Amino acid sequence: MARKLTPPVVTAESKAFFDAARAGKFVVPFCTACGKAHWYPRAICPFCSSESVEWRPASGKGTIYTFSVMRRVKEPYAIAHVTLAEGPTMLTNLADCDFDTLRIGQAVTVVFEETDGGPPVPMFKPV
Ligand SMILES: [Zn+2]
């Protein structure tokens, strides 16, 4: 895929995620008080308001919750919501795939795609 990707805005709450991404690791914020993972990154758990949030390695496995293929651009791409095996649903792109064979519920795995001068971003490809 030759599409040039805009680098993500790295905030205080997402810095640890993108530092891990630079090292090729996929991590998600996990609340040790209620035991749930969440997305997007927040310092306070969205389920129980605890500040006991830590980064944990994630499997990188998920399923397509929904997707849309952007075809009327020079370099078509697919945006998607992917539900991670750890629970949260993440807004992302689908990469390395035939857009015509994508299906809701399809199993996918994380791949990191390089951005234009920033940290890599997580996308997902069919298993
Ligand atoms: Zn919690």
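Trainee: How are the donor residues of the zinc ion spaced in sequence?
Mentor: The donor residues follow the spacing C-x2-C-x10-C-x2-C. Keep in mind that this is a predicted model.

Trainee: Which residues coordinate the zinc ion, and at what distance?
Mentor: Cys31, Cys34, Cys45 and Cys48. Each gives its SG atom, and the zinc ion is coordinated at 2.3 Å.

Trainee: What do the angles among the four donor atoms say about the site?
Mentor: The site is tetrahedral, with angles of 105 to 115° among its four donor atoms. For four tetrahedral donors, the ideal angle at a metal is 109.5 degrees.

Trainee: Where do Cys31 and Cys48 lie?
Mentor: Cys31 lies in strand E1, residues 27-31. Cys48 lies in the loop between E1 and strand E2, which covers 53-57. The two are 17 residues apart in sequence, so the pair ties together those parts.

Trainee: Is Cys31 buried or exposed?
Mentor: Cys31 is buried, because its relative accessibility is 0% and the cut-off for buried is under 20%.

Trainee: And what does Cys48 count as?
Mentor: Partly exposed, because its relative accessibility is 35%.

Trainee: New topic, the aromatics. How many aromatic pairs does the structure hold?
Mentor: Six aromatic pairs. One of them joins Phe17 and Trp39. That pair is edge-to-face, with 4.9 Å centre to centre and 65° between the planes.

Trainee: Which parts does the pair of Phe17 and Trp39 tie together?
Mentor: Phe17 lies in helix H1, and Trp39 lies in the loop between E1 and E2. These parts are 22 residues apart in sequence, so the pair ties them together.

Trainee: Is Phe17 buried or exposed?
Mentor: Phe17 is buried, with a relative accessible area of 1%. Trp39 is partly exposed, at 22%.

Trainee: What kind of aromatic pair do Phe17 and Trp55 form?
Mentor: A tilted one. The distance is 6.2 Å centre to centre, with 40° between the planes. Trp55 lies in strand E2 and Phe17 in helix H1, so this pair ties together parts that are 38 residues apart in sequence. Trp55 is partly exposed, with a relative accessible area of 30%.

Trainee: Which residues form the aromatic cluster?
Mentor: Phe17, Phe18, Phe26, Trp39, Trp55, Phe112 and Phe124 form one cluster.

Trainee: Back to Trp39. What is the peptide bond from Trp39 to Tyr40?
Mentor: That peptide bond is cis, with omega near 10°. Tyr40 lies in the loop between E1 and E2. Most peptide bonds are trans.

Trainee: Where does Asp96 lie?
Mentor: Asp96 lies in the loop between E5 and strand E6, residues 107-113. Asp96 also has a positive phi, about 50°, and is not a glycine.

Trainee: How do the residues of the lining divide into nonpolar, polar and charged?
Mentor: Twelve are nonpolar, five are polar and one is charged.

Trainee: Now the outside. Is Pro57 buried or exposed?
Mentor: Pro57 counts as exposed, at 70% relative accessibility. Pro57 lies in strand E2.

Trainee: How far apart are Pro57 and Ala20?
Mentor: They are 37 residues apart in sequence and 9.3 Å apart in space, C-alpha to C-alpha.

Trainee: Last one. Where does Arg72 lie?
Mentor: Arg72 lies in the loop between strand E3 (61-70) and strand E4 (77-84). At 85% relative accessibility, Arg72 is exposed. Arg72 and Gly117 are 26 Å apart in space, C-alpha to C-alpha, and 45 residues apart in sequence.

Definitions and conventions. Residues are numbered from 1 along each chain as its sequence is written. This is a predicted model: local features need pLDDT of at least 70, side-chain atom pairs count only at pLDDT 80 or more; totals for chains, interfaces and linings use all residues. Side-chain values use heavy atoms; hydrogens and water are left out. Ala, Val, Leu, Ile, Met, Phe, Trp, Tyr, Cys and Pro count as nonpolar, Asp, Glu, Lys and Arg as charged, and the others, Gly among them, as polar. Donors are N, O and S atoms within 2.8 Å of the metal (3.2 Å for Na, K and Ca); water is not among the atoms, so sites may look incomplete. Four donors count as tetrahedral if all angles lie between 85 and 135 degrees; four count as square planar and six as octahedral if opposite donors are over 155 degrees apart and all others between 65 and 115; anything else is irregular. Helices (H or I, at least four residues) and strands (E, at least two) are DSSP runs, numbered from the N terminus. Buried means under 20% relative accessible area, exposed over 50%, partly exposed in between (1.4 Å probe, protein chains only). Rings of Phe, Tyr and Trp (its six-membered ring) pair if their centres lie within 6.5 Å; planes under 30 degrees apart count as stacked, over 60 as edge-to-face and the rest as tilted.
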